[in-house]
Amino acid sequence: LITEQYKNILDAGCGPGIFTFEMAKRLPESTVTGADIEKTLLDRNTEIARKIRLDNCQFEYLDLTVMDKKDCFDLILSVDNLEHIEDDANLLRRFYQSLAMDGELVVHVPGYERRWYFFGWAVNFHIEGHYRPGYTLEQLQEKLNNAGFKVREIRYTYGWLETITNNISYYKAHQRHIM
């Protein structure tokens with residue numbers, strides 16, 4: 001649960017800033033930084049934050065794989081980023097060193113396997129820009145532990161409805177790609 005206890009928040013690999021904006025709106029006493037390497041997205045996000053007067057929201061060009069911040073953040077949020085990073089263990093170590101004492105990391109990654117409709121489980125497919133199809137809970141737990149984290153909770157997030165809608169969207173996107 002993300003609450004006002006977090007005063008300095010990093011949305012690592014923020015992309016279009018969806019989570020950055022939402023946290024800044026819900027936590028007006030906190031500073032929320034969205035970091036990414038896509039300058040056009042950062043410029044657009046900065047302009048949106050200015051227009052909607054989110055003064056506690058900022059966007060920063062930051063290559064997370066070489067980030068050298070220490071004891072800065074109370075919370076780091078990383079949504080669907082680790083699979084894009086070849087040396088994910090390095091990134092997790094950098095997240096760990098960037099957290100303040102008692103800081104927390106919330107990370108979301110794709111699962112290694114996915115349920116295909118009602119027919120069973122299969123290894124997640126390759127997506128351009130991904131170095132791996134996803135993670136098993138055991139793999140993620142080990143990587144987090146090796147980086148120094150004490151894992152409080154780890155679980156799968158997709159239920160049956162999300163799985164079906166996600167599969168349909170991938171199926172449709174693949175079909176468009178072929179045509």
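Me: Over how many bridges do strand S4 (residues 73–79) and S5 pair?
Reply: This is a predicted model, in which local features need pLDDT of at least 70, side-chain atom pairs count only at pLDDT 80 or more, and totals for chains, interfaces and linings use all residues. Residues are numbered from 1 along each chain as its sequence is written, and side-chain values use heavy atoms, without hydrogens and water. Strands (DSSP runs of E, at least two residues) and helices (H or I, at least four) are numbered from the N terminus. S4 and S5 pair (at least two DSSP bridges) in the parallel sense, and the number of bridges is six.

Me: Which residue in S5 is the bridge partner of serine 78?
Reply: The pairing of S4 with S5 is parallel. Within S5, the bridge partner of serine 78 is valine 107.

Me: Which strands stand at the edges of the sheet?
Reply: Five strands form an open sheet in the order S3-S2-S1-S4-S5. Two of them have a single partner strand each, so one side of each is left without a neighbour in the sheet; these are S3 and S5.

Me: Which residue in S3 is the bridge partner of glycine 34?
Reply: Strand S2 (residues 31–36) pairs with S3 (residues 57–61) in the parallel sense, over five bridges. In S3, glycine 34 has as its bridge partner phenylalanine 59.

Me: How are H3 and H4 oriented to each other?
Reply: Helix H3 (residues 88–98) packs against helix H4 (residues 137–147) with the axes 8 Å apart and an angle of about 50 degrees. Axes are lines fitted to C-alpha atoms, for helices over the stretch in contact, and angles run from 0 to 180 degrees between N-to-C directions. Under 35 degrees counts as roughly parallel, over 145 as roughly antiparallel, 65 to 115 as roughly perpendicular and the rest as oblique. H3 and H4 are therefore oblique.
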